[in-house]
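Have the structure open as you read.

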Amino acid sequence: FDPASLTYGVLDGIAQELYDRYLSMNMQRSSIIASGNAMRRNIHLQKITAEKFGMSLELSPLPEEAACGAAISGCVAEGTTTWQQAVGI
């Protein structure tokens, strides 16, 4: 029982929760895009997550994903744009 093992266990648990959720969605992907400050600021969590998923991991290009999502939702609710236009699909 040491700090490094405890830290690794916590990060592995976070990655496992994400992986379990991914499995429950029954979808197949070849890469994952991660978001959020925990993932963005912790290279160890990035590596553990990529290994857990067995895929390459990319970080979201937007540093403030929640604020961006809220702004997009506001524009869609106001009718200035559609969801498809906002996300480019």
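Here is a short briefing on a helix pair, a core and one alanine.

This is a predicted model, where local features need pLDDT of at least 70, side-chain atom pairs count only at pLDDT 80 or more, and totals for chains, interfaces and linings use all residues. Residues are numbered from 1 along each chain as its sequence is written, and side-chain values use heavy atoms, leaving out hydrogens and water.

**The helix pair**
- Two packed helices are described by the angle and the distance between their axes.
- Helix α1 (residues 3–24) and helix α3 (residues 43–53) have axes that come within 9 Å and cross at roughly 45°.
- The contact (heavy atoms within 4.5 Å) uses Y8, L11, D12, I14, A15, Q16, L18, Y19 and Y22 from α1, plus H44, L45, I48, T49, K52 and F53 from α3.
- Sorted by type, the residues of this α1–α3 contact are ten nonpolar, three polar and two charged.

**The core**
- Six residues form the largest nonpolar core: L11, A15, A34, M39, L45 and I48.
- Such a core joins buried residues (under 20% relative accessible area) through side-chain atoms within 4.5 Å.
- α1 and α3 each give at least two residues to this core.
- Leaving aside residues up to four places away in sequence, M39 touches L18, A34, L45, Q46, T49, L57 and L59.

**One alanine**
- A71 sits in helix α4 (residues 65–78).
- With 46% relative accessibility, A71 counts as partly exposed (between 20% and 50%).
- A71 and A86 lie 15 residues apart in sequence and 10.0 Å apart in space, C-alpha to C-alpha.

How values were computed:
Axes are lines fitted to C-alpha atoms, for helices over the stretch in contact, and angles run from 0 to 180 degrees between N-to-C directions. Helices (H or I, at least four residues) and strands (E, at least two) are DSSP runs, numbered from the N terminus. Ala, Val, Leu, Ile, Met, Phe, Trp, Tyr, Cys and Pro count as nonpolar, Asp, Glu, Lys and Arg as charged, and the others, Gly among them, as polar. Buried means under 20% relative accessible area, exposed over 50%, partly exposed in between (1.4 Å probe, protein chains only).
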